[in-house]
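Subject: Structure handover

Hello,

Here is the structure I promised to pass on. Please look it over first, then read my notes below.

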There are 2 protein chains.
Amino acid sequence: MSAHPFFERGRRDSVEDDFSAEELGLALNNVSLPPEALRYDLTPVGLHYTLSHFDIPALKPSHRLTIEGSVERPRAFQVDELRALGEKTLRVTVECAGNGRAGMTPRYPSMPWTCGAVSTAEWTGVPLPALLGVAKPTRQAKEIAFHGADAGFDSGVEHHFARSLRLDEVTDDVLLAWAMNGQPLPPQHGAPLRLVVPGWFGMASVKWLERIELLERPFDGYQQVVGYRYKKQSGSEGAPVRHMKVKSLITPPGVPDWYTRRRLVEQGTVEVQGRAWSGAGVAITKVELGVDGAWSDAAVEPRKSTFAWQRWRAKWQATPGEHELACRAADAQGAVQPLEPDWNMGGMGNNALHRIHVTVR
Amino acid sequence: MSAHPFFERGRRDSVEDDFSAEELGLALNNVSLPPEALRYDLTPVGLHYTLSHFDIPALKPSHRLTIEGSVERPRAFQVDELRALGEKTLRVTVECAGNGRAGMTPRYPSMPWTCGAVSTAEWTGVPLPALLGVAKPTRQAKEIAFHGADAGFDSGVEHHFARSLRLDEVTDDVLLAWAMNGQPLPPQHGAPLRLVVPGWFGMASVKWLERIELLERPFDGYQQVVGYRYKKQSGSEGAPVRHMKVKSLITPPGVPDWYTRRRLVEQGTVEVQGRAWSGAGVAITKVELGVDGAWSDAAVEPRKSTFAWQRWRAKWQATPGEHELACRAADAQGAVQPLEPDWNMGGMGNNALHRIHVTVR
């Protein structure tokens, strides 16, 4: 056991500031996708990221979903009754709106995601329009609010987690899901029933669904009008956080150091891989790999589903020494990742380039 | 939406120091049991804690386990061949030796666990003695080293994760496991094959098992002689970390604040629950609930298996105001949790009392 001189504790990679005990507590309370798990087309359930605002509720198998408000036929459904309305399975990449928050300076005190709040799963459930067909929204209904069973406080406001969609945002791909990767939903992913809104950041996909409410006015819940907003200054209303943005990540090559997670790579030809995705079902058309600032095109695999991430691959002739790898994606609508984060108070929607440092020996 | 005056960002609970970016990175890279998930007798797979020193390896279904060294019949086995040697299912509570590290001051720079690195699963596999019966250790063999497929650096030392047991520590309860809670092992829990050593801290239960080596001398791998030791000062050899210690946790009552995770509880009769366990298959005989320093006995449920945690329950008449709850367990050998951590450099084996602060309204 001779010590390799490369790795030193205390050597830092990118996120230089210290983190508070509360930030650590949130990091411990949620699951981040380990970077090597980008290798899986379909993220294994226990590796899929989670973001729970409050405690995971303990719901019974007899749990019922109520649909009410501005509908002609309010009623409650058990999951088995929803199954009778139809079933659809979709492969969907979901990213938390706060993914990359730890890379925004100054940093908002919240869940300090670096880059692991993105994963891909196959969700099975009934398309929301089938349920609406039964409940029959009135002509006055404009929005649909989704209330979870999870409850607590945020900034002094007591509430259940709840989000809404406008009725014109509801498509046949919005699912009330009871299964994930072919298995019943696990507790932390919303058992027994959750919403899945493909193409949107994760906050739209309300877990532990308890109540659906048709509204004739815009929904004013905390997570809709306060929580998930792009705000440049305190007191501003801010734009709502909606679809995911074009983004890509590198699956780090080589092996890690335990503490620093820095990577050591063997010299020679290295196949660098990663993932890229965008929002609203828009495809990725281009990914570039940057090595020490020199960019070249990567090969991008076709989509396996409208809403799933795409794999990219590029060859790199690795030479001994220190190197910076980066990746940059563009989508079919011409959106390109920015070099630096578009700062906002809540640390939302950071889709700046992913950069990693590696040492080649 | 009126703001409740109770919760304020920046108000801290117990772990006062800031954390480094590396500590945050490790917290993001591993799974901690959310405190409310102490409610499950059997931890759902994706909520079970994980501690991966290096990347999760991508092993093929054709992966083989080699047994070699001081044996009469060295050979390699596929998992299906191991199944033919017998099968046993055990319910086992496993705790990471570093659980509670964040509560030791000064704090060792490593995975900053607060209290979530403990979980309970049902493991299915073949007892290790059945494999040894086939390979036939020589008379000179004294130790058995278990080498994982996961590799990287720690403190400059490049190695595969590996640990050993003395042959006299091997019982019929030590399993080479291929299933967890009745399902094939997921990648992050050691697929396709891992060791499970009931009664020991988690480091003994080597994941992604690749090679078993019979030795005629004590194993000198990094994780055996450097990593998992109780050291009071730099340069000392330290005692080896082995069995778990007597410990208990409270399932926090009430609802959380998103950022601080502080709890708000309604006044009246509250049933406070939690879990308690010890090491080496020793039962818990007593748990006390402390409320603002006044202790009373909790009811302790019998064990559901020799190696599984036990549930405890106690009634509390909650009155409005601020309160501190704590719990303290004793085991059948008379070991009792200490009031304060027994500090050591690596932050190992912290079994001091679990204390939480709650506000009652």
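Let me start with one residue. T285(A) sits in strand β17 (residues 284-291) of chain A. Helices (H or I, at least four residues) and strands (E, at least two) are DSSP runs, numbered from the N terminus. Setting aside neighbours within four places in sequence, T285(A) is in contact with A330(A), D331(A) and A332(A). Contact means heavy atoms within 4.5 Å. A polar atom of the T285(A) side chain lies 3.4 Å from the backbone oxygen of D331(A). R262(A) is 23 residues from T285(A) along the chain, and their C-alpha atoms are separated by 30 Å.

Some ground rules. This is a predicted model: local features need pLDDT of at least 70, side-chain atom pairs count only at pLDDT 80 or more, and totals for chains, interfaces and linings use all residues. Residues are numbered from 1 along each chain as its sequence is written, chains are lettered from A and ligands numbered from 1 in the order in which they are written, and side-chain values use heavy atoms, with hydrogens and water left out.

Chain A as a whole

Chain A has 4 helices and 22 strands. Its radius of gyration (over C-alpha atoms) is 21 Å, close to the 21 Å from the globule rule (2.2 Å times the number of residues to the power 0.38) for 361 residues, so chain A is as compact as a globular protein of that length. The C-alpha trace of chain A spans about 70 × 40 × 40 Å along its principal axes. Buried residues make up 60% of the 361 residues in chain A. Buried means under 20% relative accessible area, exposed over 50%, and partly exposed in between (1.4 Å probe, protein chains only). Of the contacts in chain A with a separation of 6 or more, 73% are between residues 24 or more positions apart.

The interface

The rule finds 4 salt bridges across the interface of chain B and chain A. A salt bridge is a side-chain nitrogen of Lys or Arg within 4 Å of a carboxyl oxygen of Asp or Glu. E158(A) forms a salt bridge with R361(B), with the closest N and O atoms 2.9 Å apart.

Between chain B and chain A, 17 residue pairs are in polar contact (both at pLDDT 80 or more). A polar contact is a pair of N or O atoms within 3.5 Å; within protein, one must be able to donate a hydrogen and the other to accept it, and residues adjacent in sequence count only if both atoms are side-chain atoms.

What about α1(B) itself? In that helix, 8 of the 9 residues are buried, so α1(B) is largely enclosed by the rest of the structure. Its buried residues include L24(B), L26(B) and L28(B). The cover over the buried residues of α1(B) includes α1 (21-29) of chain A.

D55(B) is in the loop between α1 and β1 (64-69) of chain B. At 15% relative accessibility, D55(B) counts as buried. Its side chain makes a polar contact of 2.7 Å with the side chain of R263(A).

Backbone points

Most residues other than glycine have a negative phi, and most peptide bonds are trans. These spots differ:

- T105(A) and P106(A) are joined by a cis peptide bond, with omega about -5°.
- The peptide bond from A191(B) to P192(B) is cis, with omega near 5°.
- S155(B) has a positive phi, near 50°, and is partly exposed at 39% relative accessible area.
- A280(B) has a positive phi of about 60°, and is partly exposed at 44%.

Best wishes
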